[in-house]
Amino acid sequence: MNKNIAVIRGDGIGPEIVAQALKVLDRVAACYGHSFRYIDVDMGGCALDKYGDPLPEHELEKCKNADSVLLGAVGGNQWNDVPADKRPEKGLLRLRAGMGVYSNNRPAKIWRQLADASPLKSEIVANGIDFLIVRELTGGIYFGTHKTENGTATDILQYSEAEIERIGRIGFETARKRNRRLCSVEKSNVLDSSRLWKAVMHRLSNEYPDVELTDMLVDNCAMQIVKNPAQFDVIVTENMFGDILSDEASMITGSIGMIPSSSLGAGTCGLYEPIHGSAPDIAGTDKANPIGTILSAAMMLRYSFDLNAEADAIERAVSAFLDNNYRTADIMRSGMTEVGCAQCGDLIAEYIGKG
Ligand code: NAD
């Protein structure tokens, strides 16, 4: 398979972690007979310094024309005082809007080797944590009208049937690629938008008879994620609920450096990035954990290119790295061998194709 991948290294630790993901992709290409061509894209503080714009149109075009986009992270203290519309993070918002990605997908998975890093009780962790939150990204209360008048503030929460249907489809399709269980999370006991949400999900479920659909109120879901996370496979929910639940879910897995994400729209071209930022405090020290970015590349193979065996191989290689007691600084424990960012990438790449 030949694929063009737009690569945004970004700022801070971005270039270091992306380099490791590319090593791993190169190894996958060599083992499985694929060809991945990388197109470098400037975005974030580095683009601001170079072009005076965190995402110039010509750089956005490269992303739109690629088969998918891999991103490290953007931002840093040196750009804190630039005007709001020039901030590096603005580039990211424009990228998401420009690519039309309306679904943010974040897995919450605990690696058994890192179980003691979870703040949950060991008997809960022992049941396994491996679910994915599909969050609507471009609608709802964050995008409604906001106003403050005469001492009263108003934020409008609005969803159309079409917006719910397109994110619902991503939920069902994603569940199909996993264990075929979808939990739709809303607040239908109070909100009209949630009642519409629930009705659309149930209508859609007729088209996906192979996926088991359940409903859950968001307050209950927040409790269930810490009480019994093993019950979940895929959760689909609206923007603000998803924002809050996905942070809660990433916390219970223990380490921010390990978690990938994907953002998808209508086609197969997606945006893949770790959930953390540019970590300026450790940039250039070879201390960053590149696994979140490497797993983001695995998600790209699975969800955009349908290369499931290759994605499985990357996940197995990460597991082998941990089984062999290697750890980056952020997940280091006594008795383990600490490795830097570059060596972590080398080792994971080496394990690919070795069973
Ligand atoms: P951060 O995620 O960059 O860092 C928070 C803490 O986690 C730091 O101590 C950092 O060293 C550590 N950390 C993060 N990623 C790590 C990794 N891969 N390995 C080891 N340790 C890691 O969050 P922050 O400090 O709040 O933000 C720093 C900059 O990143 C800001 O400019 C912010 O706006 C930006 N940011 C960018 C994105 C993005 O590009 N998607 C997301 C969040 C924040």
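The model is predicted, and local features need pLDDT of at least 70, side-chain atom pairs count only at pLDDT 80 or more, and totals for chains, interfaces and linings use all residues. Residues are numbered from 1 along each chain as its sequence is written, and side-chain values use heavy atoms, with hydrogens and water left out.

Domain 1 comprises 1–100 + 268–355 and domain 2 comprises 119–252, with bounds that come from an automatic or database domain assignment. Six residues of domain 1 are in contact with six residues of domain 2, contact meaning heavy atoms within 4.5 Å. Between them the two domains bury about 440 Å², of which 66% is on carbon and sulfur atoms; buried area is the accessible area (1.4 Å probe) that two parts lose on being put together, summed over both. In domain 1, the residues that lose the most area to domain 2 are R96, I275 and Y303, which together account for 70% of what that side buries.

Around the ligand there are 20 residues, of which E89, G277, A279, D281 and N289 come nearest, a residue being counted if one of its heavy atoms lies within 4 Å. A polar backbone atom of G277 is 2.7 Å from an oxygen atom of the ligand, whereas a polar backbone atom of N289 is 2.9 Å from a ligand nitrogen atom.

Note on methods. Polar contact = N/O pair within 3.5 Å; in protein donor to acceptor, adjacent residues only side chain to side chain.
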